[in-house]
Amino acid sequence: MTLKRLCVFCFLIVISYVLKSQTFVSNFHKDIGFTDYLIKNSLTDDALVFLKTMKEQNSITLSQNDTIHYYIANIYYKTGQFDSASYYYEKVSFNSAYSLKSSFFLGNSFLKMDSLSLAEKSLLKINTTDTLMNELLHFQLSGLALLQRNLTTYNTYSKNLTYKNYHLLNEEKILLDYSNKIKNLKKKSPFVAGTLSALIPGLGKVYAGKPRQGITSIIPVAILGLQTFEAYNKAGVKSARFIIFGSLFSVFYIGNIWGSVLSVNIVNQEINNEINRQILFNLDIPLQRIFR
Amino acid sequence: MRLIVRFYLIWIFLCNVFFVKAQRIDVFSYPDSLFNSGNFKLAAVEYERIYFISDDIDTKNDALLKKSFCYKQDNQYEVAAKTLKRIDFNNINDSTYYKSCYEYALNTFLNEDYKETILQLNEMHTKQIDTFNNNNLLVLRILTLNELRKWDEANTSLINYIKTNNIKVDSFAFKKLSKKPGLKNEKLAKNISYFFPGSGQIYSGHWGRGLSSLILSGAFATYTYVSFINGFYYAGVFSGFSTFRMFWTGGANYAEYLAKQKNKDRITKHNKKIKDLIYKTNTIQ
């Protein structure tokens with residue numbers, strides 16, 4: 001009899017523990033539901049504070065910890081803090097259900113931070129048999145190759161793109177356009193810009209594609225030139241006026257040539273940056289479409 | 001045996017029931033304790049959770065009001081005001097309505113959005129809340145009107161405040177308080193500098209800056225004159241006159257800026273006097 005009682009007692013104890021752990025699981029789901037609500041209502045600061053407090057609880061399991069890391073990383077990614085996002089995406093463990101998503105977003109976070117080699121490393125680690133995921137991976141890698149301006153690598157990766165899947169079709173076409181653009185891109189020469197500015201001040205900047213700057217930069221050179229000419233005519237070569245205005249004119253004239261050379265480099269850089277920005281934007285869209 | 005099982009089951013059931021009941025009654029106890037211990041960020045999240053879970057409108061409104069307190073303590077006045085705007089003002093009890101409106105006005109004031117504060121105070125007045133005799137609102141009204149440079153209205157409110165609180169102020173001190181701060185005319189400072197370079201700066205109380213402006217403008221005007229006399233027309237126009245014009249207009253704009261700064265200082269000083277009086281006679285809760 002006493003043995004039976006003992007058994008019942010033990011059974012009830014076990015049942016109460018099971019119930020307790022179940023309520024904890026359901027609590028976790030409730031907490032995640034609340035976090036979803038916070039993110040949906042753009043209360044991202046609150047969501048971060050809440051997730052970090054959830055993480056500090058001792059009783060959370062490994063998979064729950066992964067979920068929390070993935071959520072925190074997503075918030076940072078959404079708010080453009082890619083260094084923190086990559087830190088938390090990296091913390092999501094390999095066995096987690098969020099592992100694949102995290103790896104893709106980790107790659108993109110590195111791309112946005114301009115760490116191309118790290119992005120390549122994390123993307124190459126992805127191992128998937130799913131056709132859509134495989135195509136997405138090759139799409140990301142071909143985008144990365146374009147950012148590296150490596151057209152041969154782009155060609156190898158882009159061979160695997162089908163141009164049929166509606167999740168990726170549009171962006172794949174845009175990537176192809178950009179690869180052609182990069183192929184046909186003609187860089188402007190700093191030497192030509194410098195020579196043109198030496199002939200007529202400001203013309204180099206017009207050549208670089210900044211006509212307004214060209215016109216405004218000719219004004220001070222012309223004004224100083226006129227005053228130098230006047231001083232030379234009326235006071236002679238040895239006069240203080242000629243020496244002051246002449247040297248000022250020379251400084252402005254040489255500065256203008258130097259400025260034209262620099263502005264060609266800046267314009268080239270701007271064109272490159274704009275292409276990179278567009279490619280990054282296009283790499284992000286399918287990720288948001290497939291995983292959100 | 002059955003009895004024992006029944007006993008355990010009843011025990012578990014009752015425990016659960018009472019535990020859940022206790023949670024319902026003290027829905028605000030956990031976030032309140034966080035708030036009292038100074039953990040405002042987490043308290044804000046917990047208040048938001050109550051707003052999320054609760055079906056009762058009064059509880060939801062209270063949660064938002066309390067959430068705004070967290071942000072106010074955390075010096076995030078703009079976010080606090082934004083939170084208060086989420087309150088459902090169509091279904092609200094009177095005391096929460098009054099508190100929310102007052103908190104909104106206070107947070108916009110602290111956020112230096114004085115126009116919004118005065119709009120809120122006026123709106124409260126139209127909704128039959130006495131903003132002229134209630135101490136908290138009256139103080140807020142005086143300070144806001146002073147910041148908005150509406151001296152006469154601020155003065156009427158100040159007299160009201162002194163009367164309702166039976167504050168004894170001797171006539172000399174009161175005259176000092178109700179006197180408008182002597183402000184410089186900003187446009188005048190600019191315009192007289194156009195007629196006579198440097199005079200605007202001197203008018204704003206900056207002798208050194210005025211004189212240096214006069215000397216620089218004068219030097220370039222003289223250079224222009226000398227260049228023209230000697231036949232250096234290009235030098236006269238480009239190096240002389242254009243530089244003179246730069247100092248001339250620049251000096252006038254600078255005079256206006258200095259006058260503005262001076263006015264700002266004087267307004268701050270004037271407002272400080274009134275703030276000091278309010279702090280000394282403070283009965284605000």
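Predicted model: local features only at pLDDT ≥ 70, side-chain atom pairs only at ≥ 80, totals over all residues.
I started with chain B and got an accessible surface of about 17000 Å², of which 58% belongs to carbon and sulfur atoms. Areas here are Shrake-Rupley with a 1.4 Å probe, and for residues only the protein chains shown count as cover.

Residues are numbered from 1 along each chain as written, chains are lettered from A and ligands numbered from 1 in written order, and side-chain values use heavy atoms, leaving out hydrogens and water.

**Chain B, overall**

I looked up secondary structure next: chain B has 14 helices and zero strands. Helices are DSSP runs of H or I with at least four residues, strands are E runs of at least two, and both are numbered from the N terminus. The radius of gyration of chain B is 31 Å, well over the 19 Å from the globule rule for 285 residues, so chain B is more spread out than a compact globule. That radius is over C-alpha atoms, and the rule is 2.2 Å times the number of residues to the power 0.38. Along the principal axes, the C-alpha atoms of chain B fill a box of roughly 125 × 50 × 30 Å.

I then checked the domains: domain 1 of chain B covers 30-129 and domain 2 covers 186-276, with bounds from an automatic or database assignment. Their centres, over C-alpha atoms, are 49 Å apart.

Burial in chain B stands at 39% of the 285 residues; buried means under 20% relative accessible area, exposed over 50%, partly exposed in between (1.4 Å probe, protein chains only). For contacts (heavy atoms within 4.5 Å), I took pairs at least 6 apart in sequence in chain B, and 53% of them join residues at least 24 apart.

**Chain A, Ile75**

I found Ile75(A) in helix H3, residues 62-78. Ile75(A) counts as buried because its relative accessibility is 3%. Beyond its neighbours within four places in sequence, Ile75(A) touches Ile39(A), Thr44(A), Ala47(A), Leu48(A) and Leu51(A).

**Chain A, the patch**

Helices H11 (203-208) and H12 (211-235) of chain A each supply at least two of the patch residues. Ile200(A) sits in the loop between H10 (190-199) and H11. Ile200(A) counts as partly exposed because its relative accessibility is 45%.
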